Structure formats: structure tokens, C-alpha cells
Amino acid sequence: PTIKPIALTTYLARLFLPPQAYSPRRILVPFSGTGSEVIGAALAGWECVVSIEGESDYMTIQKARLAHYCGATQLPLL
């Protein structure tokens with residue numbers, strides 16, 4: 001896993017953020033790993049961030065990091 005700087009992923013997610021008129025704004029993060037891009041997108045203002053990861057160990061790390069950075073206590077898992 002490569003943990004990327006949250007400030008960088010937030011900045012990059014803001015570059016793609018559409019105007020508020022297109023709400024709810026959704027983004028897909030395939031191969032999300034430990035969740036750096038997911039956290040960045042959530043902090044950038046995306047209303048819906050869909051994360052796909054095949055490794056359950058990475059999802060455990062991702063959930064903990066999301067709770068720390070975004071205060072997410074309940075995350076839907078599909």
C-alpha cells in the first residue's frame with residue numbers, strides 16, 4: 001500500500017469537483033487501497049464517494065483512516 005498525502009489527494013479531487021448545480025456529486029475510486037483518494041475526495045466536498053477494493057485488509061485500514069479524517073462512524077459496505 002502507498003499512503004499518499006491527504007493534502008495532495010484533496011487538491012486533486014477539487015480539480016474534478018463539478019459545480020453545486022450537479023448535486024449530488026459522485027466519484028468512483030477503483031482500487032482504493034488504504035483510502036487516501038477516498039479521504040481526499042470526501043474532504044474536497046464530493047457528496048458520494050464510491051470505493052472499490054478487493055483486499056479486506058486494506059478495507060479495514062481504510063475504514064479506520066476515514067473515521068480519523070472524516071469522522072465517519074458508519075460506512076456502508078457492499
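Predicted model: local features only at pLDDT ≥ 70, side-chain atom pairs only at ≥ 80, totals over all residues.
Student: What share of the residues counts as buried?

Tutor: The protein has 78 residues, and 28% of them count as buried.

Student: Let's look at helix 2. Which of its residues are buried?

Tutor: Ser36, Val38, Ile39, Gly40, Ala41 and Ala44 are the buried ones in helix 2.

Student: What covers them?

Tutor: The cover includes helix 1, strand 1 (26-30), strand 2 (48-52) and helix 3.

Student: Start with helix 1, then. At what angle do helix 1 and helix 2 cross?

Tutor: Roughly 60°, and the axes of helix 1 (residues 6-16) and helix 2 (residues 36-44) come within 7 Å.

Student: Do I call that parallel or oblique?

Tutor: Oblique. Angles under 35 degrees would count as roughly parallel, and the roughly perpendicular range is 65 to 115, so the pair falls into the oblique class. Helix 1 passes helix 2 in a right-handed crossing.

Student: Which residues meet there?

Tutor: From helix 1 you have Ile6, Thr9, Thr10, Ala13 and Arg14. On the helix 2 side they meet Ser36, Glu37, Ile39, Gly40, Ala41, Leu43 and Ala44. By class, the contact of helix 1 with helix 2 has six nonpolar residues, four polar ones and two charged ones.

Student: Now the other neighbour. How do helix 2 and helix 3 pack?

Tutor: Their axes are 10 Å apart, at an angle of about 25°. That angle is under 35 degrees, so helix 2 and helix 3 are roughly parallel to each other. Helix 2 passes helix 3 in a right-handed crossing.

Student: Who touches whom in that pair?

Tutor: Ser36, Val38, Ile39, Ala42 and Leu43 of helix 2 meet Gln62, Arg65, Leu66, Tyr69 and Cys70 of helix 3. The contact of helix 2 with helix 3 holds seven nonpolar residues, two polar and one charged.

Student: What is Gln62 in contact with, leaving aside its neighbours in sequence?

Tutor: Setting aside residues within four places in sequence, Gln62 contacts Ser32, Gly33, Thr34, Gly35, Val38 and Ser51.

Student: How exposed are Cys48 and Cys70, then?

Tutor: Both are partly exposed: Cys48 has 25% relative accessibility, and Cys70 has a relative accessible area of 33%.

Student: Last one. Where is Ser23?

Tutor: Ser23 is in the loop between helix 1 and strand 1. Ser23 counts as partly exposed, at 35% relative accessibility. Ser23 and Glu47 are 24 residues apart in sequence, with 7.6 Å between them in space, C-alpha to C-alpha.

Student: What share of contacts joins residues at least 24 apart?

Tutor: Among contacts between residues at least 6 apart in sequence, 56% join residues at least 24 apart.

Key
Residues numbered from 1 in each chain as written. Heavy atoms only, no water. Buried < 20%, exposed > 50% of the residue type's maximum accessible area, 1.4 Å probe, protein only. Axes fitted to C-alpha atoms, helices over the stretch in contact; angles between N-to-C directions. Helix = DSSP H or I, 4+ residues; strand = E, 2+ residues; numbered from the N terminus. Parallel < 35°, antiparallel > 145°, perpendicular 65-115°, else oblique. Left-handed = near helix turned anticlockwise from the far one by under 90°. Contact = heavy atoms within 4.5 Å. Nonpolar A, V, L, I, M, F, W, Y, C, P; charged D, E, K, R; others polar.
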